[in-house]
Amino acid sequence: MTYAITVHNLTKTFKIPHEKRDTLKEYFTGLFKKRTYEKFDALHNLSFSIKKGDFIGIIGANGSGKSTLLKILANIYTPSKGQIQVNGKLSPFLELGVGFNFELSGKENVYLNAALLGLSKNEIDERYQEIVEFSELEKFMDMKLKNYSSGMFVRLAFSVAIQVDADILLMDEVLAVGDSNFQEKCFRVFRKLKKQEKTIILVSHAMPNIEEFCDKVIYLKEGCAKMIGLTGRVIQAYKTDNLEKAEDGLEKENEDFIKHEETDKRWGSQEMVIDDCELVNSDNKPIYVFTDKDDQIRIRIKHVCHKDIDNPSFGIKLYNETDLQQFATTTFAKEVKTANYSSGDQVIVEYVIPNVFSSGEYHLTGTVGSRDGKLFYDWREKFITFSIKKEKEIYGSLDLPHTISIS
Amino acid sequence: MEKSKWKYYFEITMALARTDFKLRYHGSLLGYFWTLIKPLMIFGVLYTIFTLIMRFPVEHYQIYLLLGVIIWNFFAEGTQFGLASIFSKANLVSKVYFPRILVVIASTVSASITFILNFLVFIVFVIASDISFSPSMLFFPFYLIALYFVILGTSLILSVLYVRFRDLSHIWEIMLQIGFWFTPIFYTLDIVPVEYHRFFYLNPLARIIHYSRTIFLNADIPAFKYNLIVLVFSVGILLIGYFIFKRLNKNLIEHL
């Protein structure tokens with residue numbers, strides 16, 4: 001069995017100094033202080049091997065060490081520990097448009113970039129036409145790169161990059177550039193490379209691409225290989241992991257949202273105030289991000305009475321991101337009976353709304369006023385923000401329960 | 001494989017040097033002429049001062065001075081480009097692997113292009129003067145190579161240190177300023193008391209300039225001993241530069 005790449009017990013430690021020392025002054029003033037570092041293992045004890053002709057995907061969350069691994073494979077970083085063996089010519093191609101200079105024309109950049117990718121001048125001369133044709137930028141080759149759109153930039157970069165002659169290709173998020181037409185073209189190139197049995201290592205967040213091209217996937221988590229194996233299985237594990245993580249993430253997001261409070265307008269006599277608000281889902285779990293799983297949005301508003309008040313009316317209004325009022329209700333309109341309250345009383349009002357909203361941010365306004373609507377005790381305009389995240393596609397702003405029958 | 005690797009390195013170096021050179025005068029009206037104008041201006045000013053005002057009694061002073069100026073200019077520019085070379089190509093060297101020494105070499109190559117243009121002007125001056133050709137002039141490439149080694153060695157040291165200490169560009173600027181005055185560029189060592197000469201000759205630039213003048217103006221090649229000193233100095237600086245570069249290069253990218 002021939003391996004293209006063998007990685008054995010690879011560890012990469014970054015030292016993050018607590019103070020920076022870039023200038024001599026900083027260096028000298030810090031000379032007698034002990035320099036302290038935070039050690040951080042971007043990669044930890046990683047071992048794997050890649051067979052010749054394999055198309056390998058590397059997946060993992062941001063900061064899991066994917067790019068560090070690629071940079072070590074590409075010889076840009078030196079490993080702190082462990083060995084790496086590479087058999088075959090490795091492409092130095094990590095990112096699109098490396099070495100592109102905005103002051104040079106498209107043509108000059110093609111020559112520079114191709115030279116960096118290991119093509120000799122003669123080879124570039126030969127392939128220049130092909131590169132230009134592929135990029136569909138015939139008319140712009142004499143234009144300076146700084147006048148290119150970002151789409152043109154990546155198209156040109158990709159067109160040069162695929163010309164590289166190497167047995168092992170390293171690619172960091174290079175798929176899916178340009179419009180759908182160009183993307184299809186890129187994919188064709190990938191299929192071709194795959195047919196030519198090149199060893200390809202692709203780092204990507206785009207699972208569909210990984211699924212389509214990769215035979216095997218390395219799933220990195222916090223610098224360790226969480227799983228290495230056939231694409232389907234690893235992606236499944238990654239997704240499951242991510243769902244759990246997403247829930248953790250939601251919790252964090254929920255926390256962030258709480259800080260949003262009390263930034264907006266508030267008025268009223270303050271005889272009765274809106275003190276607190278809690279959003280919970282149907283399981284009674286306080287959250288600020290509602291997903292498909294939450295069929296109800298429960299809004300609990302705590303009011304504190306500072307004066308004796310008879311039969312107030314409580315209400316809410318719901319706005320979407322574009323400030324459009326989506327929904328409003330009051331106890332008065334809904335004919336919910338309220339009581340007489342005396343100073344010091346706490347009143348909790350719970351509104352239960354079906355989660356029919358489309359994804360986005362929503363702002364909640366809470367009101368409490370006199371029954372006749374003439375006097376407001378407290379009005380808190382958009383004092384709570386929450387969001388809806390649904391995977392299900394909703395056409396329109398509301399997903400109303402409905403039936404369709406055909407006769 | 002081995003051969004194509006060297007070819008690849010060569011191609012990269014040339015591509016980088018070309019880009020460097022192209023971009024340097026990019027967008028300026030006079031473009032490449034600046035490579036000539038700059039040293040000629042320095043020459044013009046010094047010439048005016050020292051022939052009209054101070055009246056240096058040196059034969060062929062314009063040739064004497066111009067040679068000193070273009071050699072010094074090569075050294076100053078080369079090391080300044082070299083110093084910034086790695087830092088200014090941060091996005092490149094952290095994305096693509098190729099030996100980083102090539103970036104430094106490329107920067108000195110692009111300074112060499114400037115020097116060659118300057119040297120052509122110098123040749124014109126020589127032809128226009130009443131100096132006749134002497135075979136000793138053919139020895140000049142030796143000093144040129146020595147000079148290039150000094151520049152490259154110095155650049156290698158400066159380039160890796162600069163990534164760590166950004167002060168270095170200012171310090172180096174001052175050093176060059178001082179070096180300009182302590183190198184016999186516009187004056188002759190005759191005006192310096194003899195007991196200080198050995199200090200002046202510690203400066204390899206002083207030797208290279210002095211001996212170059214000897215072969216151009218005195219139709220004579222300096223003794224073997226002196227050439228050996230130049231050789232040892234220049235190769236020594238290159239080797240020291242190379243080893244310092246090798247040592248500090250290892251985790252350099254993480255400092256960028």
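Student: How are residues and chains labelled?
Tutor: Residues count from 1 along each chain as its sequence is written, and chains are lettered from A in the order in which they are written. In this predicted model, local features need pLDDT of at least 70, and side-chain atom pairs count only at pLDDT 80 or more.

Student: Why is A:C186 called buried?
Tutor: Buried means under 20% relative accessible area, exposed over 50%, partly exposed in between (1.4 Å probe, protein chains only). A:C186 has 0% relative accessibility, so A:C186 counts as buried. A:C214 has 6%, so A:C214 is buried too.

Student: How many disulfides are there over all chains?
Tutor: A disulfide is a pair of cysteine sulfur atoms within 2.5 Å. The search of the whole structure finds 0.

Student: What makes β5 and β8 of chain A edge strands?
Tutor: Strands are DSSP runs of E, at least two residues, numbered from the N terminus. Two strands pair if DSSP finds at least two bridges between them. The open sheet in chain A has the order β5-β6-β3-β7-β8, with mixed pairing. β5 (168–172) and β8 (224–230) of chain A each have a single partner strand, so one side of each lacks a neighbour in the sheet.

Student: How do you know that β3 and β6 of chain A pair?
Tutor: DSSP must find at least two bridges. Here 4 bridges join β3 (residues 55–59) to β6 (residues 199–203) of chain A, and the two strands run parallel. In β6(A), A:L202 is the bridge partner of A:G57.

Student: Which residues does B:L16 touch?
Tutor: Contact means heavy atoms within 4.5 Å. Leaving out residues up to four places away in sequence, B:L16 touches A:L112, B:K89, B:L92, B:F98, B:L102, B:V103 and B:A106.

Notes
Side-chain values use heavy atoms; hydrogens and water are left out.
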